[in-house]
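Please look over the sequence and the structure shown here. The paragraphs after them lead through a few contacts, one at a time.

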Amino acid sequence: MLQEYVDRKFRTDNRPPVDINLIKDKVAIVGVGQTKYTRDSGRDELDLACEAIKAAVDDAGLKMEDIDGFDTFTLDRLALPMLINSLGVPNVKFSGEISGGGGAGCSVAMHAAAAVATGQANYVCVYRALNEASGQRYGRGDSYAEYMLTAFTPHYGYQWPFGFVTPLGWAGVWGKRWMYEFNITREQLGWWAVVLREYAQNNPDAIYYGRPITHDDYMESPMIVDPLKLHDCCVDTDGAAAYIITTVERARDLKQIPAIILSASQSSPIEQEIQTVYNRPIISGLVETWYHGQELYRVAEVDAKDISVAQLYDPYSIGGVLQLEELGFCERGEGGKFIEGGDNIRIDGKIPCNTSGGLLSEAYLHGWNLVIEGVRQIRGTSHNQVKDVELSMVTGGPGVPSSGIILRR
Amino acid sequence: MAEYVQGIPIMRPYIDQDNQGYWDAVKNHKLVFQHCSKCDKYHHPPRPMCPSCHSQDTLEWKESSGKGIIYSFVMFTTNKMAYPAFKLPYAVVLVEMEEGVRITANTHEIEPDEVQVGLPVEVMFEELPDGQTLYRFKKREA
Amino acid sequence: MTVEYNPDQKIPHPAMWGVLYKSSTPFWEGVKNKKIMLQKCKSCGNLLNPPRPMCPKCQSQENEWITAKGTGKIYSWVTFNEAPHPAFKAPYAAVLVELDEGPRIVSNMVDVKPEDLEIGMAVEVTFEDVAEDLTLPKFRKAG
Amino acid sequence: MAIESIKDKTAIVGIGVIDFSTNIGRSEWYSACQCIKLAADDAGLNIYDIDGMVKNIDDGPDPSYVQKGLGIDNLTYHSESHWGTSAMMNAVQGVASGSCNYCVYYQAAHRVSGPEKSISDYRVAREVKDDSLDMIRYDFFSPFGLIGQPGYVAMMYRRYMHETGITPEQLGWIPVVDSENAAKNPNAIFFDKPITIDDYMKSKVIADPIRELDCAPKVDGAIAIIVTTPEKAKSMKQKPVIISSNAAGMAPEGQFHTSYTRDVITELPEMKNMGDELFRIAGIGPKDIKLAMLDDTFTPYVPLQLEALGFCGKGEGAAFIEGGERIRVGGELPINPDGGLIGQGRFDTTRIVEAVRQIRGTSTNQVAGADTILVASGAGGPADGLILRKA
């Protein structure tokens with residue numbers, strides 16, 4: 001079985017042909033909005049969502065009544081009727097939610113794009129609001145004790161009784177195995193955290209703006225759950241973000257340079273769970289990332305070397321670096337070497353990554369901030385603008401059903 | 001390793017028709033895995049039908065040798081990501097069993113610096129004060 | 001005649017939704033002070049019921065609170081012959097009151113039996129401490 | 001200008017139904033896998049060719065589970081939806097946009113015996129105060145004892161009686177006709193034989209004016225529906241059922257069964273918005289519909305749907321259903337010949353399954369010439385619907 005799996009080739013023979021793909025080149029992100037990213041908003045999520053959505057609608061040059069679709073995570077706590085009753089949206093022709101937590105970071109854009117491309121909605125708003133820092137934390141162990149003691153989701157039954165309740169811990173297991181198999185060192189991993197923190201110093205919206213770190217700081221930071229140190233982990237955030245998707249045709253009449261979706265993909269491959277993907281023949285790779293990457297390139301008809309800038313979903317450094325391998329920016333097992341010194345992922349490097357500071361240093365807004373940064377790179381308005389951006393890639397979370405998009409001008 | 005803090009309940013699985021055989025066996029201090037007699041394959045976690053041949057009547061519970069090696073692990077060193085019922089530090093190990101199946105559990109009498117990928121371990125069982133039976137892994141001779 | 005409660009059961013408390021809907025806090029604070037407060041958009045004057053963080057007419061997030069007169073009419077009602085929650089003793093009625101200012105709110109009557117309720121009946125507010133930490137606005141027949 | 005309309009771009013090629021029960025004795029995970037297996041068999045499709053999965057958020061395990069249970073390599077499209085049968089829209093979009101080949105919409109929900117019950121028991125026992133479980137806004141209702149959907153609907157229904165004069169003797173024809181139809185459908189477990197209007201009038205009044213027989217009971221069940229392109233459908237086992245139209249709708253000041261702040265509370269504006277879009281896409285009108293599968297979770301919504309979807313004028317819904325003649329098989333507009341949810345239990349996807357069977361000509365209660373069928377879901381909240389037709 002192992003060999004069968006390692007040799008697995010991405011099957012293109014059974015994929016829908018590119019020429020019937022309605023999303024490719026026909027849909028664009030035309031407006032983006034966000035609240036202030038903080039550690040304690042003092043407001044409810046509905047309030048935050050309204051502000052971010054209004055900002056996105058204004059940014060696009062639209063009116064609120066133009067919006068007729070919504071998409072978000074299943075994790076989102078807002079009930080859509082109350083949201084539209086606050087916004088004043090008269091009718092919603094399409095709404096959807098995607099499971100899998102951060103993996104759906106780009107699935108939401110894909111499904112919104114599909115709705116627009118099939119004529120089922122005109123302007124879909126993709127939103128997420130969360131008080132992760134001040135409210136109930138998704139990733140904290142102690143919050144589970146107050147929440148529920150029985151693992152009603154069957155696969156958690158094999159983890160929770162062992163004090164194994166947090167995504168960071170679950171991911172640490174395959175992260176550790178990857179480090180073990182390919183001799184990835186902590187020194188190497190540190191460069192991911194350091195470079196992202198550098199980016200955040202130019203981004204006033206980043207939570208870690210004005211708080212630079214050195215590689216030594218990284219090495220001296222406490223171990224949170226071996227193999228992850230404090231600076232390997234994302235920054236819990238209160239805030240909301242939203243963006244608007246419509247057709248390229250409608251985008252022409254709007255205010256901003258559209259970020260055209262060249263391709264969008266989703267993948268949930270064999271033995272998928274939420275991080276605890278331990279019964280895959282190999283766990284030192286991210287199969288879901290590899291699959292969605294292959295599909296992204298197939299539909300876009302481009303290759304890794306054509307990508308100008310990437311925003312890789314990085315709830316922890318390992319997840320970011322391992323994606324570099326699976327998306328073909330470096331060879332398998334070479335991720336550690338690739339980021340050593342950080343130059344390859346810096347602004348004029350081989351593949352500039354997470355140029356807003358990413359989930360580690362800008363905000364853990366479950367990937368919305370990554371999509372927005374991907375759009376800024378296309379518009380040319382990033383605080384860390386990469387030169388001559390042709391293609392801007394954004395991905396969803398590792399170790400869960402995942403997703404990605406490639407944007408172009 | 002893996003000592004409990006008094007007074008905080010240990011989380012438990014929700015038992016349904018798919019995993020009952022597994023947890024019933026644990027109650028009897030046995031480790032079993034779901035096996036399809038037709039495909040001669042193990043599947044973990046147990047599921048409602050064989051994912052290879054989609055039949056249900058070929059599924060059986062086979063007792064494990066209880067032996068395996070540590071395939072990977074994490075060590076909880078701060079309260080941030082740990083479950084508060086456990087004294088720090090504690091390890092959660094992913095053990096590749098001789099049957100090829102990988103399961104997670106805590107360790108027993110293995111010092112933190114001894115927990116390494118490749119360490120041979122074997123299963124043991126413990127009764128919790130709340131009536132739950134759980135398994136752990138202890139060192140064994142290779 | 002008012003709703004009877006089972007003293008050993010907890011009446012659902014609006015605070016259960018407090019984290020998600022902070023904009024309702026002034027309403028329940030008002031009730032504690034024996035007032036019905038209504039949220040009003042500062043920009044266009046629209047009354048927002050239930051309270052919310054943004055005005056759906058003009059998208060303003062600025063709002064103020066006004067005190068309602070506390071009078072209105074019964075718009076509809078339900079009689080529960082079986083209690084859907086252990087805190088309440090059946091039978092009892094939940095009424096939908098249309099306040100003179102326009103908004104409709106759900107409540108209970110304190111002096112009218114379920115079988116004597118009528119749509120259009122004029123009512124006025126009264127306040128009842130139903131639990132140590134919970135005061136509810138209820139209604140009685142006006143005049 | 002929209003790039004494309006989804007009109008006729010997708011088709012239903014397989015359905016799988018597990019025998020409904022009030023105590024199924026299996027896990028939801030099992031039911032989800034099994035109904036998909038049945039649907040694949042029905043379609044003549046290899047399970048491993050399924051590459052899309054959609055579901056209602058609360059009904060059964062996530063797509064990644066079901067995929068693992070079935071051993072499917074890779075899903076390239078999956079999502080969840082909240083209301084009625086609106087996940088169908090995700091399936092249609094996945095296939096029509098070229099994101100997946102075969103998308104399965106599964107609903108595996110054991111509402112009587114399943115974990116949903118365990119979770120609520122558990123919450124009551126432990127008084128779990130997790131606000132994330134109460135996203136829907138009942139803070140202005142629950143403290144006053146207005147709790148539970150029958151009560152929410154009753155509030156609206158009382159006003160509906162006041163405004164239009166509809167009586168229980170009229171509304172009762174919905175459960176009466178449902179029971180007649182259910183008696184012919186082996187999967188409709190709640191009626192062995194038809195009831196009379198007298199039986200209905202004797203039914204317990206639980207939240208006056210709502211009776212027990214006005215509410216669809218809970219049930220354990222599982223249904224899978226496979227969607228692909230009409231082109232692929234041509235070479236498959238069954239005659240395809242073409243999805244002529246698919247739409248969803250919401251409206252201002254909407255809540256779940258509690259939209260009491262609207263100027264008029266005795267209409268279903270979401271359903272009207274949905275219906276208008278549905279007919280616009282299909283390019284036909286209410287007169288072209290041969291059979292309507294309507295949401296009868298609560299009976300007062302049936303006449304309101306007839307009004308909102310343009311099958312009769314405003315306030316005429318009661319007269320339309322009275323006596324049952326116009327809504328029986330053979331009538332002017334047959335409704336729910338499978339027994340509806342009153343006969344089968346709360347399971348929205350049954351409406352799509354019955355519509356597919358009617359078009360295939362394999363229903364237990366066949367409507368002659370049922371070649372164009374409207375399916376409506378989500379009455380009292382966000383609405384969605386389909387128009388299905390013969391290929």
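**Contacts between and within the chains**

Strand 4 of chain C and strand 6 (residues 205–208) of chain D pair in the antiparallel sense, over 2 bridges. Within strand 6 of chain D, D:Ala207 is the residue that stands opposite C:Phe80. The model in view is a predicted one.

The contact between these two chains draws 37 residues from chain C and 28 residues from chain D. On the side of chain C that touches chain D, at least two residues each come from strand 4 (71–80), strand 5 (92–99), strand 6 (104–107) and strand 8 (134–141) of chain C. Strand 4 of chain C gives the most to this side, with 6 residues. By class, the residues of chain C on the side that touches chain D are 26 nonpolar, 9 polar and 2 charged.

Chain B can be read by its domains. Chain B is divided into domain 1, covering 15–63, and domain 2, covering 65–142. Taken over C-alpha atoms, the centres of domain 1 and domain 2 of chain B are separated by 22 Å. Their contact takes 7 residues from domain 1 of chain B and 9 residues from domain 2 of chain B. The side of domain 1 of chain B that touches domain 2 of chain B has 4 nonpolar, 2 polar and 1 charged residues.

In chain A, the subject is helix packing. Two packed helices are described by the angle between their axes and the distance between the axes. Helix 2 (residues 45–60) and helix 3 (residues 80–87) of chain A pack at an angle of about 50°, and their axes are 10 Å apart. Helix 2 and helix 3 of chain A are therefore oblique to each other. Their crossing is right-handed. From helix 2 of chain A, A:Leu46, A:Ala49, A:Cys50 and A:Ile53 meet A:Met82, A:Leu83, A:Ser86 and A:Leu87 of helix 3 of chain A. This contact of helix 2 with helix 3 of chain A has 7 nonpolar residues, 1 polar residue and no charged residues.

Another pair in chain A is helix 7 (residues 186–200) and helix 11 (residues 317–326), which pack at an angle of about 100° with axes 9 Å apart. Angles of 65 to 115 degrees count as roughly perpendicular, and helix 7 and helix 11 of chain A are therefore roughly perpendicular to each other. Here A:Leu189, A:Trp192 and A:Ala193 of helix 7 meet A:Ser317, A:Ile318, A:Gly320 and A:Val321 of helix 11. The residues of this contact of helix 7 with helix 11 of chain A divide into 5 nonpolar, 2 polar and no charged.

Methods:
Residues are numbered from 1 along each chain as its sequence is written. Chains are lettered from A and ligands numbered from 1 in the order in which they are written. This is a predicted model: local features need pLDDT of at least 70, side-chain atom pairs count only at pLDDT 80 or more; totals for chains, interfaces and linings use all residues. Axes are lines fitted to C-alpha atoms, for helices over the stretch in contact, and angles run from 0 to 180 degrees between N-to-C directions. Helices (H or I, at least four residues) and strands (E, at least two) are DSSP runs, numbered from the N terminus. Angles under 35 degrees count as roughly parallel, over 145 as roughly antiparallel, 65 to 115 as roughly perpendicular and the rest as oblique. A crossing is left-handed if the near helix is turned anticlockwise from the far one by less than a right angle, and right-handed if clockwise. Ala, Val, Leu, Ile, Met, Phe, Trp, Tyr, Cys and Pro count as nonpolar, Asp, Glu, Lys and Arg as charged, and the others, Gly among them, as polar. Two strands pair if DSSP finds at least two bridges between them. Domain bounds come from an automatic or database domain assignment.
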